[in-house]
Every structure is written in C-alpha cells, then in structure tokens.
Amino acid sequence: MIPFRYERATDAPSAVVTLRENPGAKVLAGGTNLVDHLKLCVATPELLIDISRLPLDTVDTWGDGTVRIGANVRNSDLAAHPAIRRGYPMLARALLSGASPQLRNLATTGGNLLQRTRCVYFQDLSTPCNKRNPGSGCSAIGGYTRYHAILGASEHCVATHPSDMAVALTALDATVVALGPNGERRIPVPEFHRLAGDEPDRDTVLERDELIVAVELPPVVPGAVSTYRKVRDRASYAFALVSVAAELRIGDGTIRDVRIAFGGVAHKPWRAVGAEHSLLGAEPTLRAFSAAADAELSAARALPGNEYKIPLIRRTLVATLRELVE
Amino acid sequence: MNAIGTSLPRIDGQAKVTGTARYAYEHPVADPVHLFPITAEVARGRVTHMETEGAEALPGVLLVLTPDNAPRLADTSDGDLTILQTTDVSYRGQLIGAVVAETPEIARQAAGLVSVRYDEQDHDTGFRVDHPQAYRPESVNGGYATTTDAGDTESLFARPADASVDHWYSTPEEHNNPMEPHAVIALWDSTEPLLTMYDSTQSTHGVVSALAPVLGLERDQMRVIAPHVGGGFGSKGSPHSHDVLAAMAAMRLPGRPVKFAVTRRHMFAFVGYRARTASHVRIAADHRGHITALAHDAFAQTARVKEYVEQAAVPARSMYASPNRHTDHHAVPLDVPVPYWMRAPGEAPGMFAGEVAMDELAAECGIDPIELRVRNEPLSDPETGKPWSSRRVLDCLHEGARRFGWDTRSASPASRREGNSLIGIGVAGAAYPHMVMPGTEVSIGFGDNGRYSVRTGAADIGTGAWTTLTLIAADALGCPPEQIALEIGDSALPNATVAGGSSGTSSWGSAIVTAAHQFRARFGDDPPPGAELTAHAPDNPDLEKYTISSFGAHFVEVRVDVDTGEIRIPRMLGVFSVGRVINPRTVRSQLIGGMIFGVSMALHEESVRDPRFGHVVTHDLAEYHIPVHADIAEIDATWLDDTDEHATPMGSRGAGEIGIVGSAAAVVNAIYNATGVRVRDLPVRLDDLLTGLPAQ
C-alpha cells in the first residue's frame, strides 16, 4: 500500500470540486473493491475522498412511479426495500446473489456500478494488463480465461464486468445520475459501461470529475414478470460464470414486452438486443426462446478455455425464460 | 476413570472465541519490526541486480536483505530452505529478499520500491506424463518404495478380461490455505545466544531440528513457541523458507522481534502445496467382479530445487485383493515451488483415482459398487501378507448404506429426476495408515495445587489436542480432567513429534499413557507435591506384526441442475472405523472437516499455474474456491464402536485424515449416477457436464 491522503466529503458538490482539483483522487464509498485494490497496489490514489457519510442513502418513489435510489444505499438495504422487492424482483435477486452478506452490508449502489473486473491478471501487478497498464498487453489472451468474455471482446482486453446488480439495472433501463462540475448528467445504464475497444482502462463513460449520486428505475411495467438467474460454481460468494436478467410481459399469448441482459459474458453488462427483437411478438415457446438465444449468440466467440460459456448462457437464457412463463 | 469417550468441549474454546488465544503473530513482544518479502518475478534465471537505494531511503526502513548481504547458511542441503545464498531463481515467487521496517505498511511500500533485474532463462512449469525428464524416484513421500510388483499384471492385461478398467485420473495443484496463514515472530538474543520463534507450525521441535543446522545453531540455541495454530493441513508440518527469512532478518537485528505474516497470495508461492497428479489405473476382473489384476501408475510434479513425490499409488497396494498387482511412481521435475504435505498426501489423490476406478468396474460388471467391494475384500494385507489389526471397511459400507438409504439408489445412471434436478448417489471406500511417530517424551509432575502437570511440545493445530490429551492424561492418571494442567506448544517442553499424518494423538497419547503408568508406579495415586518424571513410549511391536489402518465409507447425494449443470450436494455421510474415539466432539469435527475438504477437492479447488509466467494466478480466496456454508447442507460423520488394542494403549487410531480420503471419489461417483457423465479430472465443474445434459 502506498500512503495517501484522506478527506471526508461534506456534500456532493464539494466532493466534485475536490475530485476536479485532484487528478490523483479516488472516491471511497463502501470500499469493498477499492480497499482490495489499495492493498494490491492496483489502485494508487494520492487522495481518497470518502463519500460514505453523504446523505445519498434513501430510496424514494416519485409520483410517476420512478424509483430514485441514492448512490450510498447499501446493497443489503436495497435488496430488502419493499419497493424493490415488490416492483423489481429481478433487481432484488441480482443484489442478493452478489458477494456475501457482509460485503452487501457495506457495498453501495454507486460503488457496485463501478466495480472493476476480477480478471486475475488485472489484479496481479506482476503480469501485463492493458486495463491496469495501457499498452502492456493482455495476459488473459492465451491464459486463464474461465471467467472471460465471449461477446464484444477486443484484442486488447477480454475481461468481464463482475457486477450482478448492474446486469439487472441494464435490463431495467435504469439511469445513472452523475453530478459533475456543470451539474447533473443522466446516463442510461445500458450506455454507462463501455466495451473495452482500444481503451480497456476505461470501464465506464463517467468522467473523472463526476460523482454518481443516484440511480433511477423507470416505473414498473404492469403485468410483467422478471427474475435474475446467476450460474456459479458454488452456491454463494462467487462471481457469475454467466447470468441472465429477464423481464417478460405476455398478452394474448404473445410476448408484448421483453428485456434481457447477460452478466459474465462481456466487458459490460450485455443487453441482449438481438434476443429481445427475436422474442417481441412471438409466442412464448421453448422454440422461440431457443431462436432468441441463437439470434443473440451468433456473434459469440469463445476463447480457448471458456468454450463452455456459449452453451451455458444459451441454456441459462432458455431456462430463465421458461421459468418466467411456467 | 472414563474421561476418554466423553465429549469434553474444547478447553481452549473460550480463549479462542474471546480472542485471547494467541496465534503466532499475536504474541506481545517489545519493540517489534515488520518484514515484507521480495519474491522472484521470473520462474527461472538469475538476479543480476537489486536496486535497494529507494527502499533504504524510506524513513522507517531498517534493513533490506538481498542475496548480496544475507547471512550465510550453515547447511544448504535443503532446497526448500536455502534462500538468498546465490542469485539463482528456481521458481517464480521464490524468496529473494526482504525489507524490514518499523511498520508493516512501510515494509510493504519499501518492498515495492526495490527494483530487480533478472537474467531470465526458459522455464517449464507444464505438467505432463510424457515429460522427457520424468523419472522414477528412489522412494516416495512417507519413505515408501517407488515400485511394487506381485504376480504378472502385464500378461493379464494383454489378455481379454471379462471386465476391465483402463483410465487416467488427475488432480490439480491445490494449496492448503489454513485460516491462519503462515506467520512467525523471530527474536535473536545475541548474548545467549538464543533464537526464539513464535511460529505457526505443526511441530515446534520439528522447526528446531530442521532450522538449527541451517542457521548454524545448536538445538538448545533455538526455542519455538506455538500454543495455538489456526490450521495447517500439512503445510506447517515443517518450516519453509519464510521461517528462514525471518530468522535471517532477526539475526541482523538483535533484540528486535521480526514479525512476518505471510499474505494470502504468498500462501500460493512458497509454503508447500499438493502437486499435480495423474494416475493410470488398470483393473481386470472376472465376470463376477473378482479382480484378477490391478495396476496403478502415478505421476506427480516435483520441484527441481527439491524432490517431493506424492505417494499416490501406495493405497492401491493394500485396498483390494488381487493376485496380480503393480504400482509405480514417476516424478515430473518442473521449475515450480517445492510440493509438500497436504491433507492426506498420497491417499487423497490416490484413492480418488482408485475408488472412481472401482465405481467404473462396478458399472462395467453390472454389480452394485458395495457388493463389488465385498467381493474384493482382502483377508490380510495384500502387500505384506500381515494380518489386519482390525479392518472393518465393509462394516462401514454396510452401516452407511443402511443409514443413507443406499437401496433408494437407481443402478442406471441419469434415471432419477426431481423438478429441474438430476439426482445421484455415490459411494467410496477409504483407508489411511495408522502412524505412530517415535520420539515423543512426556513429563508428568504433581504440583502444590493438587494438579498434575502434563508437559510435551505437541502442537494443537485446531484439531483439539489441548482437550484430547487432557482426557488421555486424566484416564491414565486416574483423575478427573480438571486435575490435569496440560502444557503443550513449546519446544522448551519435552520433545514431541509432528501434528501430521494422523499421528499426533496416537504418538503423544501413547507417551502420556506410558509416563502416567510409570508415574503411578513410582509415586502411587497420592503423589507428593514435586513428584516428577519424564518418559517416552516404548516401541509397540504390534505396529510391525499387523497392518493397522483407519477405514471409512463415504456416501454422497448430488443434485445437478438439468439446465446449467450446476452441482450441489444436499446430503453426505461418512462412516468410519478409527478405533476408540477419545473425544466424540472433536473427532466428529475433524471427520466432517475432512469430508468438506473432499467436496472441496471434488468440485472446487484448483490452483491454476500459468505456464507462461510460472506462478499460480488464482492466488486468492475469491478465485481459489473452497466450499462456503451454502455448499454444505446435511453432512454427518459417524463411527463404529471400536477399540484397537494393537494400535495404541488408548485403543485409538488416527482420525485426522481419513475424512478426506475417498470423499472426492464418492462425489464423482454420485455425479456419474446422476448424469451418466464420468469425469476423471478434478475438479468437476459444470463445464464437464453440459454436453451430457438433456436437451431443453
């Protein structure tokens, strides 16, 4: 660990000013990912701006049905919140499938969105990594790839995004509210995380001097059913091999609304637009689910060592949709 | 007196749950300093330069150790312990230096400021059975012969058999990872001179006898203290290079206790691990399932810097009757750290292979797996011809079958489904040799306070030795346990052998019983205060006359998700024969712990060594999986009512390792029963099952 300065933010605007004035600053909220990175020297900030005591910790439902979640709302509290359990079971299940109870008690909504990849090479200073050290190379390519991407990967980085919550938020068309020097900016979650491209060091479109203050969920879709299915090697406390967040609304025997996102397959939570298009207006049959998987996965490319992910995400999607209509 | 057999709660339990039991790093010492190691970032080559000025300039840094300035070791014959004597790098992660500073943070930061240049050479960490340098070692771990032959297996295999098995089975590298990583505080008193080490070890005297010659000290110039140890699983069975590094630093900083806590990542680098193994198992049998020939050829990775060969084929020598038998071992030398003991070395990987092969033979013959074992039960030790002291593996199998509901198992695989789960049941047998190490001494005294002091250097690594030895002493001295004041965990106490190889309680307990008998003979049952004597157990001739082993049977139910192949274990039972059970509470804990290790071995643990870099890249507990609570549902261990008078004076046998032996095979066999997919390479993951799942 390299010594750093520490400041406790008094309010969000002043935290943004401090961020802007200190290019070597990082924001500390729950610390469940950042503190690991400090210990491993993956993160070497000059200044930590602790926002964990800012009062961004409420879940509010507005008149139009929008739910606004403060950036500091803890994952445990959000998963247990009646508005979330009732209206967004997909999100509650995604949250509860993440990490461990102890970590969920600390991890925040804003911080969860900014989790960095668990790629073993990213976390190991002794191996090259374009995400940690741009231009040094990607050690995962040709290496240990069990957790790596099959969709949207680049030749510079094949890492996956580790969050469960973000997959649900992507499927739900949630919005990130970021406070910057010029006020609030609203970023749809599906556009918030980036594909690696040739800048794998940038996980999101958030600017360096912007602070996530809230996440907004659009009103509940009446009549829709949703869930989150996470597939992992052990029953708890493991990152997703793959995951599926799905919401369906069926009327008169056909699919009227559908929203699907995948976790564990790409550098970002993967909105399965191809599968959605395939399903919209179709009858909710196994054949249709299978066709939707084909549509989405025609572009999937496995690495040596993670070939299993293509049939796995396929089967998981079909099983998740089947469960929703059963 | 009947203290033995009572479930006395751990006498160190309250201290542990209240945080007052002191582990190695926690001993209060005056004016400590902190060490952070520098490790090699190439897998083979030479250090050409270490730039230490930046580290030395950091305020608070007291010492930067490098091969240039490190103390010279007196004995460099042990390649695991010999560090900083040359600039050679023999494996990635090897200790090549250290920073010692006033705080752990400064030490760590300064270590990062030491830049190292290497002359890097080609390395090879890729295990393969056709490795051109593979060789037969002189002997294998445990001192066993490398090769054994009886009858003529090859000509049997050359002829067609009614039923046969011919497969390869493999286990990956696995790292012990006790909850308490290795840690040491080393203090050099140059006036005595005396090196004191508070060390997380399975053997206080073992550390002295291994390190004193390396450091050029007499044995009485070292003292090793370890009252409480947070697990070892073999890796703390002897000192490793981190102990040497701490001692070197301490000798450079007399009077300053040097604290060195090995990080979780470094647990994957230099404190031992289970080598990769591959086992070629061949069995031929007649149509009734009687084995006519059995061969087990084991391959294991070893380090170039020191040989350690996992004795994976040894269990096959005695487990089943067969007129023709062949076992052999091959070592594959690589540029890797030195493998070492881990959770039933030899038996755990060897019986995984053997017990899965038996399940395959049962399927091949169309015979129930338990019945197959009945038909091949050896009446005497097939290897030596000696009688068994007590071999009740069939009783374990039958009792387990009754309790577990074996009769509900469908003999045809992939035929039982509930909801979205494919359900299967599997069984495996288990055996682990009974070992009593010679050399433990015990002193018994009677104090003014009316209590007996019972003293020996044994280490309680979390298994319950504090409690178990108290029970043994109470019965042997004919007094209630409260009258025993046990002192263990210090090399200043009489010599004790290692807490390893399931030998601790047997070895120490035998010595306690001997000393107690002598004490009572000399001083009677109402001894005068101040009465004291020291004794060691006489050789037990029965250990030579009989083959003595602990036995067991594992029963596992698995559920495999029909869509994703996710594997979960709702139910597991182990039935064991371990002689007389001294403390049911702690024995049950150990057996269940071993069974969970079996689940872990079957489904989770895998140290992935990246051949390009040469180190384990899954080097933390987020990437290196062990089961969590949610993975372990209904699990139970029980045992037969047993006494083995040949094994120890207590009638007990070793119980530490039998819990893991065979358990991974039972999981794999259950997965086969559930899915029809036979997996022979551990760990089994959903990846292995996907293609065998039903279409959606």
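Buried means under 20% relative accessible area, exposed means over 50%, and partly exposed lies in between (1.4 Å probe, protein chains only). The model is predicted: local features need pLDDT of at least 70, side-chain atom pairs count only at pLDDT 80 or more, and totals for chains, interfaces and linings use all residues. Residues are numbered from 1 along each chain as its sequence is written, chains are lettered from A and ligands numbered from 1 in the order in which they are written, and side-chain values use heavy atoms, with hydrogens and water left out.

**View 1. Helix α5 of chain B and its surroundings.** Helices (H or I, at least four residues) and strands (E, at least two) are DSSP runs, numbered from the N terminus. Helix α5(B) covers residues 204–215. Nine of the twelve residues are buried, so α5(B) is largely enclosed by the rest of the structure. The buried residues are T204(B), H205(B), G206(B), V207(B), V208(B), L211(B), A212(B), V214(B) and L215(B). They pack against β12 (194–199), β13 (222–225) and α6 (241–252) of chain B. Just after the helix, G216(B) has a positive phi of about 75 degrees.

**View 2. The interface of chain B and chain A.** Contact means heavy atoms within 4.5 Å. Chain B contributes 37 residues and chain A 41 residues. About 3300 Å² is buried between the chains, and carbon and sulfur atoms give 50% of that area. Buried area is the accessible area (1.4 Å probe) that two parts lose on being put together, summed over both. Six salt bridges cross the interface; a salt bridge is a side-chain nitrogen of Lys or Arg within 4 Å of a carboxyl oxygen of Asp or Glu. R229(A) pairs with E566(B) in a salt bridge, with the closest N and O atoms 3.5 Å apart. On the side of chain B that touches chain A, α3 (104–113) and α15 (686–689) each supply at least two residues. Helix α3(B) gives the most to that side, with three residues.

**View 3. Salt bridges within chain A.** R68(A) and E184(A) form a salt bridge, their closest N and O atoms being 3.8 Å apart. R68(A) is in strand β5 and E184(A) in strand β7 of chain A, so the pair ties together parts that are 116 residues apart in sequence. R68(A) is buried at 19% relative accessibility, whereas E184(A) is partly exposed at 48%. D173(A) forms a salt bridge with R259(A), with the closest N and O atoms 3.4 Å apart. D173(A) sits in the loop between α8 and β6 of chain A, R259(A) in strand β11, 86 residues apart. D173(A) is partly exposed at 35%; R259(A) is buried at 13%.

View 4. The peptide bond from E192(B) to P193(B) is cis, with omega near -10 degrees. P683(B) lies in the loop between α14 and α15 of chain B. C41(A), not a glycine, has a positive phi of about 65 degrees.

Conventions: Expected span 1.5 Å × (residues − 1).
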